[in-house]
Structure formats: C-alpha cells, structure tokens
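Hi,

Here is the structure I promised to pass on. Please open it next to this email; my notes follow.

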Amino acid sequence: MAMRRAATLIEMIFVIVIISFLATGSFKAMQAILVREYKAKQLTNLSLESQIVVNQISNYLTQRIVYSTIGYNPNDGSFEYIGDLTSSKPVLEWIGRANDLYLEKRYSGFFDMATKTGTKVASYDIDGTAIDTSKTALIFAGSFDRSQSDSANIASSFGWHESNREDTYDITISDQNISLDNPVPQFLYEKYFLVESAYAIARGEDIDQNATCITDLGLKSKDVNSTLFLFSNYRPWKQETFCADKQGNSKVGNISVLMQNIDGFNFSEVDYTIRILLDVNKQIRGAHPVHFSKMKVVF
C-alpha cells in the first residue's frame, strides 16, 4: 500500500497565497455591498425627508398673500415681487394669512359695506377678544384673492425691509366693527385678509450666521451653510425683518431648521404658481455622494 506524500513547504505557501487572494476579494466585495446598501438607505431617507420639507413649505405658501411674495437679497437689501424677478434672489419671503383664526371662525373675512362710516365698517362674527390687534394687520383680498394694491408697487405696499406699507393697515376692533387706522386707505373693499406674520426661507450661506438665533441652535459651523431655515413671527408692516437678516434695524422672530445637506434652494413663479426646487447633496464615506433634486409646485 502506497504512503500519502506530505505537502511540501512550497505547496503550503502556494495554498496560503491563494486563500489570501480569495479572502481579499471577498472582503472587498462585501465592503462594496455594504457601501451600496448604506448609500441606498441614505438616498431613501433623504428623499423622504426632502419630500416632507417641500410639503411643509407648500402648506405655508398656500396661505400666502400672493402679491406680497418676494425674492430678497440680504447682501444688498434688494427685493422684487416673485413674478417680476430680474435676477435670482436667495431668500423667499411672503406674508401669511391668519388662517388659524379664520378656521376657528374668529373672523369672516367680509365687510358689510352698507355700514361703512369713514374707515369704520362692520364685519359680522368677528371675535375681538381672540385677535391681538397689536400684532395683526389687514390686507384687502383684491381680485382673485391675490391682494389689493392701490399703489401697484411692491416696494410701497407691505413694508418689506423698511419700505412703505400703503396697503397693509393697522386695525382696531370694537363690537362687530373694524376701523382701519394707519395708513388711511383710499378705498374700502368687501373682502379682506387678516395677517399676523411674515415668513422667510433661506440657506445658511445667505444669511447672518453670527445672529443670536442662529448660534443658539448649536449647529456645527461646517453644517450651517447647507442648512435650510424657516423664519417666522416678524412683521414687515412694523418695519421688522427676520432674525438672521444681514440688513435692517429691527431683527426679530422665530427660526426653525427645515433640512440639512441642501446645496441649493431655488424658486420661481409661473402663472401664479410657485415652483420650489431643492438640491440635496450628502457626502457618503467610502462612496460617491448622494445627490438629487426635489421640486414642488404650489398653487
């Protein structure tokens, strides 16, 4: 019976080399699978998050005073009505209706023009105890509920960035009557909106990053540029602007983070619809970055 020959040293080394090659290839293949899985997960999460954000923006914008919507450049203080932009602007701003009060039936939104006495007119079912007139103003609805501008000039209608506010009126409420106090309107119209706040959306790259409302958030400095913020609770008709504006003397209001990893925020108006575009870009360790765009049309 023949004896089995033992493996030589060279044969053992050869086997070890082959096994090491196989192990290295398997490790790289497994690593690639894990990276692809992680990237796919990040893409799904970012896609869902960005969809939530554009839906949230849409919900706010549907309650906008249409003709009050502007593009604003904090670097030079210039602003234009969104439908007449002559150059791109990084900040989107608008004045929002006091919709919660309306849904709670605290006011009707209509005047009884037969009761008009000067600038005082009845608005039945208005609840003066629920409306803080120190924070609330009135804007006439105008044609197609886009707002009425007797001045036909965005720079002198709503008070944006310390401009005039000829079409945004302070009010007092007595019983079922509203008096328009300041400025004095040239005409009174039947339908109106009450407004409580303006809103702004901007990336950190385009605002004052040293503002207290920004630093109080505790974000890492490297992340601020690509963070999308929502500003609220400020009143341009009172010469106020949002808290991280680079311009203005009265910077107030609240701030919230909409989303991080935003490389671009763009907007435009087409036939009175606003088109919002978010550019999302996130670096993935060991792989190419996740990059995609999300668009939303707001009527």
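First, a term: a polar contact is a pair of N or O atoms within 3.5 Å; within protein, one must be able to donate a hydrogen and the other to accept it, and residues adjacent in sequence count only if both atoms are side-chain atoms. The side chains of lysine 294 and serine 47 make such a contact, at 3.2 Å.

Two notes on the source. This is a predicted model, where local features need pLDDT of at least 70, side-chain atom pairs count only at pLDDT 80 or more, and totals for chains, interfaces and linings use all residues. Residues are numbered from 1 along each chain as its sequence is written, and side-chain values use heavy atoms, with hydrogens and water left out.

Back to lysine 294. It sits in strand β16 (strands are DSSP runs of E, at least two residues, numbered from the N terminus). Lysine 294 is buried (under 20% relative accessible area, 1.4 Å probe, protein chains only). It has no salt bridge (a side-chain nitrogen of Lys or Arg within 4 Å of a carboxyl oxygen of Asp or Glu). The nearest side chain of opposite charge, glutamate 49, is 11 Å away. Residues that lysine 294 touches include Gln51, Val54 and Leu277 (heavy atoms within 4.5 Å).

Now the sheet. It is open, with three antiparallel strands in the order β14-β15-β16 (strands pair if DSSP finds at least two bridges between them). The edge strands are β14 (262-270) and β16 (290-298). Eight bridges join β14 to β15 (residues 273-282). Isoleucine 262 has valine 280 of β15 as its bridge partner.

Best wishes

Definitions and conventions. Helix = DSSP H or I, 4+ residues; strand = E, 2+ residues; numbered from the N terminus. Buried < 20%, exposed > 50% of the residue type's maximum accessible area, 1.4 Å probe, protein only. Lys, Arg positive; Asp, Glu negative; His and termini not counted. Lists of a residue's contacts leave out its neighbours within four places in sequence.
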